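I opened this structure to take notes on its residues. Here is what I looked up, entry by entry.

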Amino acid sequence: MLTSYYTVKGDGKNEITIQKSRFIAHVKRTPTEEEAQEFIQSIKKEHASATHNCSAYLIGEQDLIQKANDDGEPSGTAGVPMLEVLKKRKLKDTTVVVTRYFGGIKLGAGGLIRAYGQSVSEGLNATGIVERRLMEKMTTEIDYSLLGKVENEIRSSNYLLDQIDYMENVQVQTLIQSGLEEQFTEWMTNITSGLAKIHSNGQLYKEYDV
């Protein structure tokens, strides 16, 4: 699993007008190619009367799945420049569809490349980008008498207090950057004078706005 990567915050849409043509960028996070294709087809259905519905997507940790479709625009003037914007922004699991309603003025190859690239770029800005960081969920089991000290130490550290479970003993759940398990365990052992039971409780991604 990647320790961190960038993707879009969720679903988004943005419209710009260039030389009387409407360019509507639709953006969606798509972890699988099936979801990417379903999203593309849903936009094509919604905008069936549009002149073009061009698309591009990047899927997978290593960007192994990447597709670009010009949907009737001159070859290489829509899908590829759209895909290049996704690559330049280092995004993963992201699909974009740009719907064009022709306004009567031809843009030429260079104009189309700039228009589709600009549409995607502004669509991404409107949707928002997040960094997903791989975190380790550490469970620290302690006596109730240590809770105040442990909670204060975590809150004043770079670690993230996730939740506190009040059971026979207190279980404090802390999110730490993956790879820092030993460092955290040693730190917590010192804080509790060796009176804590500490173990990893799995991994998850936490999102941070970019």
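**Terms and ground rules.** I call a residue buried under 20% relative accessible area, exposed over 50%, and partly exposed in between (1.4 Å probe, protein chains only). This is a predicted model, in which local features need pLDDT of at least 70, side-chain atom pairs count only at pLDDT 80 or more, and totals for chains, interfaces and linings use all residues. Residues are numbered from 1 along each chain as its sequence is written, and side-chain values use heavy atoms, with hydrogens and water left out. Helices (H or I, at least four residues) and strands (E, at least two) are DSSP runs, numbered from the N terminus.

**K206.** I looked up K206 in strand β10. K206 counts as partly exposed, because its relative accessibility is 29%. I take contact to mean heavy atoms within 4.5 Å. Leaving aside neighbours within four places in sequence, K206 is in contact with E131, R132, R133, M135, L160 and L175. I also checked the pair K206 and L175: they are 31 residues apart in sequence, and their C-alpha atoms are 9.0 Å apart in space.

**R100.** Is R100 buried or exposed? R100 counts as buried, because its relative accessibility is 4%. I found R100 in strand β6. Not counting residues up to four places away in sequence, R100 touches S21, R22, F23, A50, T51, H52, E73, I105, L107, L112 and Y116.

**Helix α3.** I checked the length of α3, residues 108-127. The expected span is 1.5 Å times one less than the number of residues. For the 20 residues of α3 that gives 28 Å, and the end C-alpha atoms are 28 Å apart, so the two agree. I listed the buried residues of α3: G111, L112, A115, Y116, G117, S119, V120, G123, L124 and T127. An α-helix has 3.6 residues a turn, so residues three or four places apart point the same way. Just after α3, G128 takes a positive phi of about 100°.

**Nonpolar cores.** I define a nonpolar core as a set of buried Ala, Val, Leu, Ile, Met, Phe, Trp, Tyr and Cys residues joined through side-chain atoms within 4.5 Å. The largest one has 24 residues. F23, M82, L86, V96, Y116, V120 and L124 have the most contacts inside it. Which element gives the most to this core? It is α3, with 5 residues. I noted another core apart from it, of 16 residues, among them L147, V150, I154 and V172. I then looked at V96: leaving aside neighbours within four places in sequence, V96 is in contact with H26, V27, C54, S55, A56, M82, L86, V120 and L124.

**Positive phi outside glycine.** K90 has a positive phi near 60° and is not a glycine. I found K90 in the loop between α2 and β6. K90 is exposed, with a relative accessible area of 61%. S193, also not a glycine, has a positive phi of about 55°. S193 is found in the loop between α5 (181-191) and β10 (197-209). S193 is exposed, with a relative accessible area of 61%.
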